[in-house]
Amino acid sequence: QVQLVESGGGLVQAGGSLRLSCAASGRTLSTYAMGWFRQAPGKEREIIAAISRTGGSTYYADSVKDRFTISRDNAKNTVPLQMSSLKPEDTAVYFCAARSRYSSGTYTSMKDYDYWGRGTQVTVSS
């Protein structure tokens, strides 16, 4: 069992930056493929970024490509999400997720993940 906790959310003006972090207790995150999702009010939860277990492969949704960066910090047992050039449409609750099953790449569907954090709110003002 692994517990995931997101942090780093908040209120930022359009064009600004935020750095989210996904921390784990109970397990080492380096053994899991990881993903960041977000859910805006009235919308379905969507994948925005994913990273393979080794960190060698990453995936980005078109909406965040070239603005967001997912990485792994094995020393801190965290998976950061660096967000820049933020837009009001980035406003959402952001969730991290971990896949405990065998993995060899990146995963983009909610059903591919086994553990979820409770989310952190990101609000981008115009």
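In which order do the four strands of the open sheet sit? The order is E1-E3-E8-E7, and the pairing is antiparallel. Please keep in mind that this is a predicted model.

**The open sheet**

- Strands pair through backbone hydrogen bonds, in either a parallel or an antiparallel way. In the sheet E1-E3-E8-E7, the antiparallel kind is found.
- Strand E1 (3-7) and strand E7 (68-70) are the edge strands, and each of them pairs on one side only.
- On average, neighbouring strands of this sheet are turned by 15° against each other, with direction ignored.
- Strand E3 (residues 18-25) and strand E8 (residues 78-83) run antiparallel and are joined by six bridges.

**Two residues with a positive phi**

- For most residues other than glycine, phi is negative. Here are two residues to check against that background.
- Asn77 is not a glycine, yet its phi is positive, at about 60°. You will find Asn77 in the loop between E7 and E8.
- Is Asn77 buried or exposed? Its relative accessible area is 16%, which is under the 20% cut-off, so Asn77 counts as buried.
- Ser85 also has a positive phi without being a glycine, in this case about 50°. Its place is the loop between E8 and strand E9 (92-99).
- With a relative accessible area of 42%, Ser85 falls between the cut-offs of 20% and 50% and is therefore partly exposed.

**Aromatic rings**

- How many aromatic pairs does the structure hold? There are four.
- One of them is formed by Phe37 and Trp116, with 4.8 Å centre to centre and 55° between the planes, a tilted arrangement.
- This pair links distant parts of the chain, since Phe37 belongs to strand E4 (residues 33-39) and Trp116 to strand E10, 79 residues apart.
- Phe37 is buried, at 1% relative accessibility, whereas Trp116 is partly exposed, at 26%.
- Tyr113 and Trp116 form another pair, this one edge-to-face, with 6.2 Å centre to centre and 65° between the planes. An angle over 60 degrees counts as edge-to-face, which is why this pair gets that label.
- Tyr113 is buried, with a relative accessible area of 5%.
- Together, Phe37, Tyr113 and Trp116 make up one aromatic cluster.

**Arginines over rings**

- Arg45 has its charged end over the ring of Phe95, 3.6 Å from the ring's centre.
- Arg99 lies over the face of Tyr107, and the distance to the ring centre is 4.0 Å.

**Arg118, an exposed loop residue**

- Where is Arg118? This residue is in the loop between strand E10 (115-116) and strand E11 (120-125).
- Arg118 has a relative accessible area of 80%, which is over the 50% cut-off, so it counts as exposed.
- Leaving aside residues up to four places away in sequence, Arg118 touches Leu4, Glu6 and Phe95.
- Among these contacts, Glu6 is 112 residues from Arg118 in sequence, while the C-alpha atoms of the two are 7.2 Å apart in space.

Terms used: Residues numbered from 1 in each chain as written. Predicted model: local features only at pLDDT ≥ 70, side-chain atom pairs only at ≥ 80, totals over all residues. Heavy atoms only, no water. Pairing = 2+ DSSP bridges. Axes fitted to C-alpha atoms, helices over the stretch in contact; angles between N-to-C directions. Buried < 20%, exposed > 50% of the residue type's maximum accessible area, 1.4 Å probe, protein only. Contact = heavy atoms within 4.5 Å. Phe/Tyr/Trp six-rings, centres within 6.5 Å; stacked < 30°, edge-to-face > 60°. Lys NZ or Arg CZ within 6 Å of the ring centre and 35° of its normal.
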